[in-house]
Amino acid sequence: MQRSGIRGLVNVESPDSAALHPGYGDPMTRHLRITGIVQGVGFRPYVWHLARELNLTGWVRNDAVGVEVLVTGEPQPIDAFSRRLPWEIPPLARVDAVTWTDLPAADAPPDFRIVESGAGRAATMIGVDTAVCPDCLAEMLDPADRRWRYAFINCTHCGPRYTLTRRLPYDRAQTSMAAFPLCPACAGEYRDPANRRFHAEPTACPVCGPRLWVEALSSPPPPGEGGPEGRVREQRIHPENRCSLTPTLPRGGRGQDPIPATLDRLRAGEIVAIKGLGGFHLACDARNAAAVQALRARKNREEKPFALMAANPASLAAWVEWGAEELALLESPERPIVLLRKRPGADAALPDIAPGLAWLGVMLPYTPLHWLLFHEAAGRPAGTGWMWEVQDLVLVMTSANPGGEPLVIRNDEAVERLAGIADAVLMHDRDVVVRCDDSVVRWEAGIPPNPPLEKGGASTPALMVAGGFLPLAKGGQEGFGDVTLATVAEIPPSPPLGKGGATTLALTVAEGFLPLAKGGQEGFGDVTLAAAAEIPPSPPLGKGGASTPALTVAGGFLPLAKGGQEGFGDVTLATVAGIPPSPPLGKGGASTPALTVAEGFLPLAKGGQEGFGDVTLAAAAEIPPSPPLGKGGVHSQFIRRARGYTPRAIKLPRSGPSVLALGGYLKNTICVTRGDEAFLSQHIGGLDNPATCGMVMEVAQHLLGILEVRPQAVAHDLHPDFFSTRHALELAAQWDAPAVAVQHHHAHIAAVAAEHGVEKPLLGLALDGVGLGADGGAWGGELLRLEGAAFTRLGHLAPLPLPGGDKAAKEPWRMAAAALHRMGRGGEIARRFPEQALAVNLERLLSQGDGLKPALQTTTSLGRWFDAAAGLLGVRAVMAYEGQAAMLLEGLAERHGPVAPLEGGYRLTERTPYEIRNPKSTSTCCPCSTASPTNPTPPTARPCSTLPWPWPWRTGWRPPSGGRI
């Protein structure tokens, strides 16, 4: 009989061999299959330890599906093995599903073993690259350890994964570590299931592993002598070969050690290219203004912000502020760059790091090599205690990608392409297989919650998190606080809690929490109820004579109790006879008990185990309702999703055919779907140069290869001239698959809907830069109604001319001129922008455009409105990098603080009718109501739904009596 369960949300259905097998008690065999992130994260040794602890025999192995297990033994320990398997997993593992099949008892093998990987079509995924773990750091900083100060230390719980893997299954032979045969000591660790490095594929030591060295770079040769990218080298290095640009350096002695040599260069004001997990960084001393200016000049990066790396948050405290959430992001295994709000004086102390911006991007060391630089700067102290002390060294760490091209990853690339930018290169001979930039995130508090959970019109209790575990709701996490239950009507009554042998309800959760409601929120799995017969009731609560079940922990997760921890087993109900039944939960407007937990664990029972805190009961009517929980609970906002998160899958609401989506023009990222998972690539960048276009092809090939997917459709942007569009059409023809053009803003909203499992019709606002619209225009501030794969454009921001076409997106003064013209103040353009030589001509062009339609392209982009505001305020006339004007405006707003609402301006309330139009207008000029080559059958003409111009508050217009906007 085959059984299955999901660990990703709550728990796996507990097997019950006694119920399934009449001959319970005889030896049996169970075959299990586990999918998720279960390779390269110490999962097989974990299974080995668990099986040996329970005296089971059999084997475990990797295959292309995930992990496969066969156990033989007595039914009770096999059931315990199956229950515990998804809950006690290693820190980097994630179990998505467990399926098992019970078989007739096989000949019992002598012990439990880890066997060689099996073959088959890939249905698993490589783990993400993570920061070096505390255990490895402790070894690296222990002078007595054989890996003392070794820059490539790692184990099954940390280190590179995705960036050094060529294909699945994830074994050493499939990674760039295949070039480094293990020495006897490392081989012993690698083969020992009890060792932390058992089958840690990147494992190595100073005897057998990769090595470091420093090479000085010269200035680029004169034109015509060395080519466009730097000097010519006689020796070329290819990804499959170990690099030998310089002889291997012997170890020991300060003069020969590349770490102090690199630190000396940094302290002398030089720029050093440092090889990391996904490519090279350009590093310099962040406190050295001359070094920072030199880096800007050499990289041609005049004002774009740089990221900083420091040993710990304390070393950054003088310049930035953070909360607990930001600190958790900084110290997470993913180690992203986190945007933190600047403190006063930060720009003076760190000139030219992030000029004019309110935020500073900072990260902590995540590779052993990073830590060795900070360790050297601290004076090489033994142990790890120094890591939490304030350190003087703060480094600029920016991607080594000259001219906006992809990240440099190969040693020969670094020597050639970084000549003239870096003074030296700190490199090693472990190849980077996949280019991968650092991720950039920002903490976003105050995310609006979802509407209440519903079932057939009745609602379930809304839970408020104030710092505790949420045993009654999906998404609860340890570290949250008290849980309160709000008053809810129309909840069917619960059966009385047993008396004298009566039954109570046992809850079994599959893909969801919510033990008080069947079905839960839409998109969650059902909650099944099973009778638990002959369980006598528990002692009374001691209030009103009512009783509730007392929960006893037998080593498991407590879905009905605060404080439950993963890794424990079942929850049993204590037995006491002769107790009167509890009153039912209210129905038809009656209230349900509100539980307030004060230092306690068992919210359904007073007292609980000795040493637990009390639980107080209060009438629900006395407690104001809590806001509902937001599904997903994502509080960190990605600015760039890359190292540490790629290729972690995003779960989709349902399975579908595999699709390759090749993204847009700016900030390109591709996506591959497989079943009900979406795999996003690392950040690629703007497709405005051949190298980045080549990276799109490189990343697509690698991602499809490791997933073993052949797409059944290829999606691309609606714009026909993007490289991503042309490549999508080539691949679709090659695979004989359909190519699907998707409008830019439709894709934005549809992606959010897919991520959050919303399949019903919805309204969405897409507010961004520019994308080709369905009418051929430049869209960017769109109100769309989505229904399946179709959308209707309901409204948009007022269009602005784009004087100069693409130049207008880079020069805010042009957008300011367009806004002045729209306000009827075009005569001010030349006077307000006297430093712009073309201002007079632009004023004339805008005035002519009114009579020569369509003389100028227009856009509804919100981004261009921000540019217009920046130009009118004198913040920026010409941008040094994409998005700079809006970022500078944000910085000014942050420094100013809160402002009072505009007198007479628009206000939105809960009862606002979301229809904003000029009541005097009967125009049908909205492009979505007009026929075009891409829209041959427009909807029925209707009053234009664009925001009117001039703005109503400028003309004194107010809504009709009784209306709100």
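Predicted model: local features only at pLDDT ≥ 70, side-chain atom pairs only at ≥ 80, totals over all residues.

Which residue follows helix 13, and is its phi positive or negative? The residue is D736, and its phi is positive, near 55°.

- Five strands form an open sheet in the order 28-30-29-31-32, and their pairing is mixed.
- Strand 28 (649-656) and strand 32 (739-742) are the edge strands, each of which pairs on one side only.
- From one strand to the next, the twist averages 30°.

**A pair of strands within the sheet**
- Strand 29 (residues 659-661) pairs with strand 30 (residues 671-680) in the antiparallel sense, over two bridges.
- In this pairing, L660 stands opposite V672 in strand 30.

**Helices on the sheet**
- Helix 12 (residues 690-707) lies across strand 29 and strand 30, and it runs at about 155° to strand 30.
- Helix 14 (residues 744-755) packs on the sheet, where it touches strand 28, strand 31 (713-717) and strand 32.
- The direction of helix 14 makes about 90° with that of strand 28.

**Helix 13**
- Helix 13 (residues 723-735) has 13 residues.
- From its first C-alpha to its last, helix 13 reaches 18 Å, close to the 18 Å expected at 1.5 Å a residue.
- The buried residues of helix 13 are F723, S724, T725, H727, A728, L731, A732 and W735.
- These buried residues pack against strand 29, strand 31 and strand 32, and also against helix 12.

Note on methods: Residues numbered from 1 in each chain as written. Heavy atoms only, no water. Pairing = 2+ DSSP bridges. Helix = DSSP H or I, 4+ residues; strand = E, 2+ residues; numbered from the N terminus. Axes fitted to C-alpha atoms, helices over the stretch in contact; angles between N-to-C directions. Contact = heavy atoms within 4.5 Å. Expected span 1.5 Å × (residues − 1). Buried < 20%, exposed > 50% of the residue type's maximum accessible area, 1.4 Å probe, protein only.
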